[in-house]
Number of protein chains: 2
Amino acid sequence: MGDFDYQKLDDVIHSRMRLAIMSVLMTVTEADFNFLKKQVNATDGNLSISLKKLEESGYVSVTKSFIDRKPSSKYQLTPEGRTAFSVYLGQLEKLLGKQTPD
Amino acid sequence: MGDFDYQKLDDVIHSRMRLAIMSVLMTVTEADFNFLKKQVNATDGNLSISLKKLEESGYVSVTKSFIDRKPSSKYQLTPEGRTAFSVYLGQLEKLLGKQTPD
């Protein structure tokens with residue numbers, strides 16, 4: 001096995017939009033759909049698909065409620081998501097090795 | 001536009017295998033097909049497709065020759081490829097922000 005094995009990078013996290021979503025969620029306790037949409041610059045459809053995939057993978061959990069009779073969805077990283085993100089970052093650093101700028 | 005805009009990441013470079021190939025090529029003057037294949041742990045078909053995409057994007061150049069009557073292909077980053085990789089790393093660092101491990 002080579003030193004630059006691409007399969008060591010978690011494919012669920014690596015997609016550009018899912019990586020952006022996970023990065024946002026690392027910085028907050030929870031975030032609603034519109035906040036995420038604005039932060040990652042996504043369309044409703046693409047964001048929904050990405051969040052669904054992260055939920056199915058157990059990396060993100062969602063709490064649905066009603067605020068002033070309007071549905072509200074709050075997203076947050078699960079402990080598994082935080083761990084997976086940390087592992088991903090470690091593998092990424094390893095792959096990029098000395099190429100990372102100071 | 002949000003702080004975590006996923007579209008700022010160069011899609012040509014971001015794919016796991018292409019990122020691995022670019023990372024290898026940053027560490028050497030040139031590399032042949034079999035060396036790359038071993039380093040990134042790819043199949044012939046997938047590696048060919050990824051290299052083709054990088055060539056078409058102008059990030060990688062290939063020199064074909066014969067050694068002992070056998071065809072040999074040497075791959076190397078172009079100046080454009082090095083610049084694009086550097087820009088990509090900068091955007092990645094920005095996206096990951098404070099989440100990057102020390």
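In strand β3 of chain A, Leu77(A) is the bridge partner of Val60(A). This pair belongs to the antiparallel pairing of β2(A) with β3(A), which runs over eight bridges. The model is predicted, and the predictor gives the complex an ipTM of 0.87 and a pTM of 0.90.

**The sheet of chain A**

- Three strands form an open sheet in the order β1-β3-β2 (chain A), and their pairing is antiparallel.
- The edges are taken by β1 (31-32) and β2 (60-67) of chain A; each has a single partner strand, so one side of each has no neighbour in the sheet.
- β1(A) pairs with β3(A) over two bridges, in the antiparallel sense.
- Within β3(A), Tyr75(A) is the residue that stands opposite Ala31(A).

**Buried residues and the nonpolar core**

- Helix α2 of chain B covers residues 16-26, and nine of its 11 residues are buried, so the helix is largely enclosed by the rest of the structure.
- Among the buried residues of α2(B) are Met17(B), Arg18(B), Leu19(B), Ser23(B) and Leu25(B).
- Ala20(B) and Ile21(B) are also buried residues of α2(B), and both are listed with the residues that have the most contacts inside the largest nonpolar core.
- That core has 52 residues, and the list of those with the most contacts also includes Ala20(A), Ile21(A), Val40(A) and Val40(B).
- Leaving out residues up to four places away in sequence, Val40(A) touches Met17(A), Ala20(A), Ile21(A) and Val24(A) in its own chain, and Gly2(B), Phe4(B), Asp5(B) and Tyr6(B) in chain B.
- In soluble globular proteins, nonpolar side chains tend to be buried together.

**The two copies**

- Chain A is superposed on chain B by a rotation of 180 degrees with 0.0 Å of shift along its axis, at an RMSD of 0.0 Å.
- The two copies are therefore related as by a two-fold rotation axis.
- Of the interface residues of chain A, 100% are also interface residues in chain B, so the copies meet through the same surface.

**Confidence in chain A**

- Chain A has a mean pLDDT of 92, and 94% of its residues reach 70 or more.
- In chain A, confidence is highest in helix α1 (residues 11-14), at 98, and lowest in strand β3 (residues 70-77), at a mean of 93.
- Where pLDDT is low, the predicted coordinates should not be read in detail.

Methods
Residues are numbered from 1 along each chain as its sequence is written. Chains are lettered from A and ligands numbered from 1 in the order in which they are written. This is a predicted model: local features need pLDDT of at least 70, side-chain atom pairs count only at pLDDT 80 or more; totals for chains, interfaces and linings use all residues. A residue is buried if 20 or more other C-beta atoms lie within 10 Å of its own, exposed if 12 or fewer, and partly exposed in between; C-beta atoms are placed from the backbone. Helices (H or I, at least four residues) and strands (E, at least two) are DSSP runs, numbered from the N terminus. pLDDT is the predictor's confidence in each residue, from 0 to 100. Two strands pair if DSSP finds at least two bridges between them. A nonpolar core is a set of buried Ala, Val, Leu, Ile, Met, Phe, Trp, Tyr and Cys residues joined through C-beta atoms within 7 Å. Two residues are in contact if their C-beta atoms, placed from the backbone, lie within 7 Å. Copies are superposed by least squares on the C-alpha atoms of residues with pLDDT of at least 70 in both.
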